[in-house]
Amino acid sequence: MGVWAFVAAAIAVGLGALGAGIGNGLIVSKTVEGIARQPEAKSSLQTVMFIGVGLVEALPIIGVVLAFIFYAAA
């Protein structure tokens, strides 16, 4: 296995972080847009936003776990 396990670990963490960054940016931008259109819905939009951000953040955590598995397999 050797070097390829480290490459796989780096790709898993890197793509997980990239995807989460893009996802969080989209979630927050759409929430701000919704609040700008309907300020009275701020509370419910923020609640849904935080749930969505929490779900998106699971992706890089899974990537780090996979990276540890790849690292341990090497």
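Modeller: UniProt positions are given here in the numbering used for this chain, and annotations may be inferred rather than shown by experiment. The model itself is predicted.

Colleague: Which residues does the UniProt annotation "domain: V-ATPase proteolipid subunit C-like" cover?

Modeller: The annotation comes from an unreviewed UniProt entry. The domain annotation covers residues 8-70.

Colleague: How far apart are the end C-alpha atoms over residues 48-73?

Modeller: The unreviewed UniProt entry annotates residues 6-27 and 48-73 as "transmembrane region". Over residues 6-27 the chain is 100% helix, and its end C-alpha atoms are 31 Å apart. Residues 48-73 are also 100% helix and 0% strand, and there the end C-alpha atoms are separated by 38 Å.

Colleague: Is N24 buried or exposed?

Modeller: N24 lies in helix α1, which spans residues 3-37. Leaving out residues up to four places away in sequence, N24 touches V53, V56 and E57. Its relative accessibility is 16%, and the cut-off for buried is under 20%, so N24 counts as buried.

Colleague: What is the length of the polar contact between the side chains of N24 and E57?

Modeller: E57 is one of the residues that N24 touches beyond four places in sequence. A polar contact requires a pair of N or O atoms within 3.5 Å. For the side chains of N24 and E57 the value is 2.4 Å.

Colleague: Which residues does T31 touch, not counting those up to four places away in sequence?

Modeller: T31 is placed in helix α1. With a relative accessible area of 10%, T31 is buried. The residues it touches under that condition are L45 and M49.

Colleague: What accessible area does the nonpolar patch on the surface have together?

Modeller: The patch is formed by V3, W4, V7, I11, L15, L18, I22 and L26. One of these, L15, lies in helix α1 and counts as exposed at 54% relative accessibility. Together the patch residues have an accessible area of about 840 Å².

Colleague: Which residues do salt bridges that share partners join into one network?

Modeller: K30 forms a salt bridge with E33, the closest N and O atoms being 3.8 Å apart. R37 also pairs with E33, at 3.7 Å, and these two residues are 4 residues apart in helix α1, about one helical turn. The network therefore consists of K30, E33 and R37.

Technical notes. Residues are numbered from 1 along each chain as its sequence is written. This is a predicted model: local features need pLDDT of at least 70, side-chain atom pairs count only at pLDDT 80 or more; totals for chains, interfaces and linings use all residues. Side-chain values use heavy atoms; hydrogens and water are left out. Buried means under 20% relative accessible area, exposed over 50%, partly exposed in between (1.4 Å probe, protein chains only). A polar contact is a pair of N or O atoms within 3.5 Å; within protein, one must be able to donate a hydrogen and the other to accept it, and residues adjacent in sequence count only if both atoms are side-chain atoms. Contact means heavy atoms within 4.5 Å. Patches are made of residues with over 30% relative accessible area and no salt bridge: like charges are joined within 9 Å, nonpolar side chains (Val, Leu, Ile, Met, Phe, Trp, Tyr) within 5 Å. Accessible areas come from the Shrake-Rupley method with a 1.4 Å probe; for residues, only the protein chains shown count as cover. A salt bridge is a side-chain nitrogen of Lys or Arg within 4 Å of a carboxyl oxygen of Asp or Glu.
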